[in-house]
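Subject: Structure for you to look through

Dear colleague,

I am passing on the structure below, together with some notes on what was found in it. Please read them with the sequence and the model side by side.

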Protein chains: 6
Amino acid sequence: MRILLVNPNSTASMTAKIADAARAVAAPGTEIVAATVTTAPASIESRSDESRALSGLLDTVLSHADTIDATVVACFDDPGISALRELTYGPVVAICEAACQVASVLSARYSVVTTVPRAVNVISENLLQYGLDRKCLSVRSAQIPVLALETAEASAAERIRAEIRCAMEEDGAEAIVLGCAGMANLAIDLSHEFQIPVIDGVVVAVKQAESLVTCGLTTSKSGTFAPLQNAPLPA
Amino acid sequence: MRILLVNPNSTASMTAKIADAARAVAAPGTEIVAATVTTAPASIESRSDESRALSGLLDTVLSHADTIDATVVACFDDPGISALRELTYGPVVAICEAACQVASVLSARYSVVTTVPRAVNVISENLLQYGLDRKCLSVRSAQIPVLALETAEASAAERIRAEIRCAMEEDGAEAIVLGCAGMANLAIDLSHEFQIPVIDGVVVAVKQAESLVTCGLTTSKSGTFAPLQNAPLPA
Amino acid sequence: MRILLVNPNSTASMTAKIADAARAVAAPGTEIVAATVTTAPASIESRSDESRALSGLLDTVLSHADTIDATVVACFDDPGISALRELTYGPVVAICEAACQVASVLSARYSVVTTVPRAVNVISENLLQYGLDRKCLSVRSAQIPVLALETAEASAAERIRAEIRCAMEEDGAEAIVLGCAGMANLAIDLSHEFQIPVIDGVVVAVKQAESLVTCGLTTSKSGTFAPLQNAPLPA
Amino acid sequence: MRILLVNPNSTASMTAKIADAARAVAAPGTEIVAATVTTAPASIESRSDESRALSGLLDTVLSHADTIDATVVACFDDPGISALRELTYGPVVAICEAACQVASVLSARYSVVTTVPRAVNVISENLLQYGLDRKCLSVRSAQIPVLALETAEASAAERIRAEIRCAMEEDGAEAIVLGCAGMANLAIDLSHEFQIPVIDGVVVAVKQAESLVTCGLTTSKSGTFAPLQNAPLPA
Amino acid sequence: MRILLVNPNSTASMTAKIADAARAVAAPGTEIVAATVTTAPASIESRSDESRALSGLLDTVLSHADTIDATVVACFDDPGISALRELTYGPVVAICEAACQVASVLSARYSVVTTVPRAVNVISENLLQYGLDRKCLSVRSAQIPVLALETAEASAAERIRAEIRCAMEEDGAEAIVLGCAGMANLAIDLSHEFQIPVIDGVVVAVKQAESLVTCGLTTSKSGTFAPLQNAPLPA
Amino acid sequence: MRILLVNPNSTASMTAKIADAARAVAAPGTEIVAATVTTAPASIESRSDESRALSGLLDTVLSHADTIDATVVACFDDPGISALRELTYGPVVAICEAACQVASVLSARYSVVTTVPRAVNVISENLLQYGLDRKCLSVRSAQIPVLALETAEASAAERIRAEIRCAMEEDGAEAIVLGCAGMANLAIDLSHEFQIPVIDGVVVAVKQAESLVTCGLTTSKSGTFAPLQNAPLPA
């Protein structure tokens, strides 16, 4: 099985980090095909960045579509998910959705810790759409730019730790979802440190994609995600 | 006052029709600056089309940003609204949001009648986000491609009529929102025919934009729509 | 065009202040017809006050109904709105609803700052009904009686400022809605002071009424707001 | 114990019918004090009727306040409930709220059958406010004026039966709430006929009032329903 | 009339305390039949305890079913309610549901104060199901084991007082619901001390059961709570 | 890795069928440990059946707890899930929750088709709790007893087909979730027949459990699912 793991921003070091995390959990027969959207902004920290990344994201996925079984979009804003579900047949898995589904299974109440303040609203809107807001106590920003996770990881991790502590003590969080693909390498250490589940969306999304392929499940092609150009003509 | 009325698709005849509708209601001192996103698909009938249109939509608005007071995005999927609120200072008005706000004022319960079946989910997701789903009885598709409103208007209008009838008789709709900018020219006749408010989002959005400018109100630049590149650096 | 701006309480100085605010934004051809409900309590600070004001409010509006195009009810509790929609044909605009719709367009999250503590529940119930609770972070009381806005404006304004500050710093509000018609004259100064949109419901409601009339839109007379005495007789 | 049972409309025959129903279930020591709001419309079939009835309703209750232990408002629109909770110390019980609470206890899903179509929206808004909309499948109008329950009872009852049948067969209702105080005398027969609970709000509200008095419970006088004239003065 | 008051845990002293509270409010003709589930855990402080108690709870109620008119389940987690509604014909009343319904009538906003932290989630899930979460500000744990209410009542009551104070001052609670049947004897004193309604679920549930029997109302046997073994066989 | 797959009813043929389905998708290194709750009812078709099954379900899982890595509860009512999360350390996966999470990923709107009518309410309550009700169009009963899936499979499958057809044509379902563990062997054929995803909860739950173990994720032991006997003692 081949799973396309696409990083919607153009920072190749992040793609490499994400791919490492994915390969660490992938089953023996699963090939992780990592791709960077080279035409996208270096990081996605706003709705504008997301808008600028989308067309390239679609092209990147389409260029692999014939040879992959499922797609994982490795940006916590879950950009382009519905468009990709229209365009491809295999499952399209979103890391925020997958991670918050897992948090709902492992705890009664959880919080998300993300990077920039602006992402709080994007994530909150997505959770409302998914229905996963019901068990989410808070979406907290660690006030760090996304690329600090590449270039200034120690200080960035310190800020993330501070927000996890607040989420646990002030909000009552029983599990934490890390709200950025670039945090993928931090989850295991933070889990040990805080003694609660700290969930990275990349690995759980890759496993969800793998599971769906194993079960023979693909995106519904009836209705919302039907193949394009199928609208009936007026008589 | 200058209001940018941007058509996110590349069909110039639709831009012209929309601009006519807007100018018919604009106040004497209001100049409607109509713009077409020439790099976009001919119509926006899917999340993929929307994804392809966004970057050009941002460029188009930015190219006018210094000389306009407010922006109206004339596509019922309300594409790029949050990104444009990040990028510009004047109000950014969305035609679905504006029309459904008006429907909530004029009736206790309303329905939306749109073009392609795929739009139903996009609109439903937007209404949930806006909170305007509470009084919305149904989002109905007239099963027509967007461009049929340009090229086969008579048969398209017939299908729209049929859905309005169903919305009134089966769902109990007390007002109708027309779910496509390309229907702008149909609203008045349909209002007379069905004797209930039939609301075109273009004209109410233009008036909303004009009202906000008159009241001196602009997009909040604190928090979610703050100017870009303001994320704090880690120590 | 003639817009009836009705103050549901009997304090004429408040009516004058509201009418000034309305006239400052009205279009050249718009006449603001200001009316005071002389039989009502001096201020509306409770559900009981509202109950005492309603019959006079209906009479006041009915006495102008033949000569006006739209009605704006200038009390933030939005009293009598549904009854007036039953009784008149032109649009009936509510200042809380209009202001919170605008706040939803200009920000991702906003707060309301009102006068008496008792109003918090009234406003919260209305926002739930409108669906506008989704983006509303908090409804805060400045702990001032309504008439302090007429007689002790400086100290009242100071308390309002304190609550705006809390809404921004503690709740994360990106815009503020002023929760009393009597605050109409404060909005512009507070906007400048706090550098975020501070929205007065009176002016945005007047512009909404004007816009609806310009677009030829009136209250739906099918269903909930149908003319009275139309219930079918049993066989 | 003395329970005030107030009919907010001015039709004395309805008051008598309601009082009979109440006395049939009251405990031996409970005196039912029935009152008619003589200044109100003959029936409450609209928000306008409700607005016209409120001031007299408050006066009627206040005139008994010193000598009664609790108040039941016997109109299914639950008019004036919050105002009365401000004005009196004993519990104020609303028949729609009480009946739908009972329906939630006796069934997993229920429907309301009311009189005029216009009441559907009033009841739906109340249920949303109470949270009791979650288990309510439908609010159905029997398309009868309220006073038909006094003057043309046989044909009115036939229409009510038809709607109960639809609620059961089409909506899956497991219990029915009768949505008008004037239907109080029909509940028992309809229960037998349809073999599901058919709930009249008057009797369950009277028993709720009686229960609260027995338990020594009164309306909270802290916050929303605090005694009036308690707003703090600005410094 | 005979009302079965069943304590789902096996602590007889708690049953006695609950029965005393019930008898203090029961009408002259009402016999309170108190029962202890002797096979259950000594207290129900977790979902596991609840799971262990259920089978015995059903047996206990069934052993009385022929001779009682209604059942009250005296544990604030409302265990087994739906199962008992399937198994018996008389009304089955739940103390959390009954108490929170009453709190909704007596106040605009209330809080629940319960025993162990783990109960917070159980109660929150139940309130969501009932729709009674809308007016509930907070569910607070006094951090006491259930049996401390039997063996260390003074210190337990002190902790409960502290949480009531927080609920009032920090959350704005206007009424308090005591979230454990074992607190039944504390309600009246706490009401006097805090001068707001402090509601014990046992007494209001007993009165609700009594009221339903008096009104001739029983559990719906159509649909969800139909008698068992009625599923149709496939052809 | 060892995954406990527990069938909460006592029908061994169903356990065997479920285990076959699970083993067909399990990874090479995963051992499926299938267990039947021998003390439970033969099928779980009501809340009473569920109540009777719980204690044995807990015992069965506890007897394997030391030797397994995760637990899957193979009954679509998701019985005992919270209790098992309290009692064990490894992930506890529920088949309804897992299947509806997958349906949310593969479609914009889905329906559930279950066995007995009584299960509709159980499933609806669970979906509300999970937040997964937002995209669920309908929960439909095929009007078959659970054991008909063992003994009269052909006619049972015919009824399931009829409901899938209705869900697609009347409700607009884009994917189907099979609402009973006993339908595990039907999913693939029904997917082919209806050309949309038909999801069996058993296989997706097993893959979810496997994924969580691979990612090193376990149930949060902070807060709601903390180990038992940890409530603090009063001073």
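Let me begin in chain F, where Val6(F) has Val73(F) of strand β3(F) as its bridge partner. These residues are part of the pairing of strand β1 (residues 2-7) with strand β3 (residues 70-73) of chain F, which run parallel and are joined by 4 bridges (two strands pair if DSSP finds at least two bridges between them; strands are DSSP runs of E with at least two residues, helices runs of H or I with at least four, numbered from the N terminus).

Before going further, please keep in mind that this is a predicted model, in which local features need pLDDT of at least 70 and side-chain atom pairs count only at pLDDT 80 or more, while totals for chains, interfaces and linings use all residues. Residues are numbered from 1 along each chain as its sequence is written, and chains are lettered from A and ligands numbered from 1 in the order in which they are written.

The sheet in chain F is open and has 4 strands in the order β2-β1-β3-β4, with parallel pairing. Its edges are β2 (31-36) and β4 (92-94) of chain F, each with a single partner strand, so one side of each is left without a neighbour in the sheet. On average, neighbouring strands of this sheet are turned by 25 degrees against each other, direction ignored. Helix α2 (residues 47-64) of chain F packs on the sheet and touches β1, β2 and β3 of chain F, its direction making about 165 degrees with that of β1(F) (axes are lines fitted to C-alpha atoms, for helices over the stretch in contact, and angles run from 0 to 180 degrees between N-to-C directions; residues are in contact if their C-beta atoms, placed from the backbone, lie within 7 Å).

In chain D, helix α1 (residues 12-25) and helix α9 (residues 201-214) pack at an angle of about 50 degrees, with their axes 9 Å apart. The contact is made by Ile18(D), Ala21(D), Ala22(D) and Val25(D) of α1(D) and by Val202(D), Val203(D), Val206(D) and Lys207(D) of α9(D).

Finally, the domain assignment of chain A (bounds come from an automatic or database assignment) gives domain 1 (2-94 + 204-214) and domain 2 (96-201), whose centres, taken over C-alpha atoms, are separated by 20 Å. In chain A, 22 residues of domain 1 are in contact with 25 residues of domain 2, and α1(A) gives the largest share of the domain 1 side, 5 residues.

Best wishes

Note on methods. Two residues are in contact if their C-beta atoms, placed from the backbone, lie within 7 Å.
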